[in-house]
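Morning, everyone. Let me put the structure up, and then I'll walk you through the layout and the ligand site.

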Amino acid sequence: MGDERELLRRTAELAADFVESLDERSVWPRATVDELRDALGGPLPDDASAPLDVVESLARAADPGIVGMQSGRYFGFVIGGSLPAALAADWLAATWDQNAGLVVGGPAAAVVEEVVGDWLKELLRLPRTASFALVTGCQMAHTTCLAAARHDVLSRSGWNVEHDGLTGAPPIRVLAGAKRHATIDRSLRLLGLGAGRTVEIPADDQGRMRVDALRAALGESSGPAGSAPTIICAQVGEVNTGSVDPMSEIVELAGEADAWLHVDGAFGLWAAASPALRDLVAGVEHADSWATDAHKWLNVPYDCGIAFVANPESHRAAMAVQAEYLVQDRHAARDQMDWTPEFSRRARGFAVYAALRSLGRAGVAELVESSCARAKEFADAIARLPECEVLNEVVLNQVLFRLSDDATTGEVLAAVQAEGEAWMSGTRWDDRAAIRLSVSNWRTSPADVGRTVASFERALNARSAASGYAT
Ligand SMILES: *Cc1c(COP(=O)(O)O)cnc(C)c1O
């Protein structure tokens, strides 16, 4: 008993040491992959080790290979941090070790998920009657939503895809924007819809789906009866620019075409939680399904995505394990596995619950708005540096910029990444190298933005000093 308590206490101290080191430690790891293999590898031990020794030596050996994603100066991809309450609740979720697939695997976990499902719908202003599922990430949220879509559009043609599969089914046409996220394609692959059959709708210079092109494509490919089973995938929050597809117009076209409208709102859907930003995503609530993440902008520890489906019947038909005749006790909580692709699963709801309770409605709005404010501050400062050009309208939390040519962009980015003060990724935009910065962490302060801009200034000065010396 005493040993186990001591182990957990010591582990909590290691965790607190890590959190306290974030301001100073390099955001980028200091060890190479080979060094990490040396430190962590070797033969599988024959004999047991004391748990405290295991944890302490793991923490020591892994530390130089840990990316500072929890840092306020990690701006790569779209990666949230962890709110303190969410991190602590996640420890409890691991400690309680519930199997959150069924109510009998943990009624508290099931009830907490019911509660957060309702809270999230309210916060994101989605229909109260929608169903939901907590899954591993936005990728699996797409898969869940698009499975519901597949069920729905085929059942309207009298086809039972859950029973009969896709062989011989009426073909489904899928339309999606040119700047859709790669996870849409993979979900379509996993569902047997094929990634290569998607009708790709051109995007404008910010990455938004072009409504005129969608209208034309719907007209062209509607088939003789004009009623081919149709799924449209729209996006709120393009990963490079943060741009939002024109939802109201797309909703209208989807309605005319009798299509299922799915929305990738991995991070952008959170704009709906802010009174100041809500207009950007107006109309999104009329879609048929929505996929988003809690591990990005809500700042819960990895992993947690969320699927919402306007028509719970289609959602349940696509996912349910339990036969319909197993009439559920209406006083029982919902069995999560009937709504998720997983069977056994971790109790993700506890961390989401803690995040939402610790922030409250106002705190979520403030988190979203302050991330966007930090992104604007960064864009304004970077635009003032020599050779730097901001490429996007900074409507949300993403900043896209580049230097005068691809080589310079690559070299300056590499210098900033190597310095360790901040980290963000490179990308390509309009066939040219660019740098993308995402502010999605509750910790990111104006000082973090300043330190990041200063790192760019140092990289630019080092370059001009080097070229001055050369001439
Ligand atoms: C991150 C992201 C995804 C994928 O989300 P995961 O949680 O990594 O599965 C999908 N779409 C967009 C727009 C994203 O930013």
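**Domains and ligand site**

The chain is assigned domain 1 (2-63), domain 2 (88-354) and domain 3 (363-470), with bounds from an automatic or database domain assignment. This is a predicted model: local features need pLDDT of at least 70, side-chain atom pairs count only at pLDDT 80 or more, and totals for chains, interfaces and linings use all residues. Residues are numbered from 1 along each chain as its sequence is written, and side-chain values use heavy atoms, leaving out hydrogens and water.

Domain 1 and domain 2 have C-alpha centres 37 Å apart.

Now the ligand. Which residues are closest? Gln-139, Asp-264, Asp-293, His-295 and Lys-296. In total, 14 residues surround the ligand, each with a heavy atom within 4 Å of it. By class, that shell has four nonpolar, seven polar and three charged residues. Nonpolar here covers Ala, Val, Leu, Ile, Met, Phe, Trp, Tyr, Cys and Pro; charged is Asp, Glu, Lys and Arg; the others, Gly among them, are polar. Helix α6 (residues 138-155) gives the largest share, three residues. Helices are DSSP runs (H or I, at least four residues), numbered from the N terminus.

Next, polar contacts, meaning pairs of N or O atoms within 3.5 Å. A polar side-chain atom of His-295 sits 2.8 Å from a ligand oxygen. For Lys-296, a side-chain N or O atom is 2.8 Å from an oxygen of the ligand. Cys-138 uses a polar backbone atom, 2.9 Å from a ligand oxygen. Taken alone, the ligand exposes 380 Å², and the protein buries 85% of that (Shrake-Rupley method, 1.4 Å probe).

Notes. Polar contact = N/O pair within 3.5 Å; in protein donor to acceptor, adjacent residues only side chain to side chain. Helix = DSSP H or I, 4+ residues; strand = E, 2+ residues; numbered from the N terminus.
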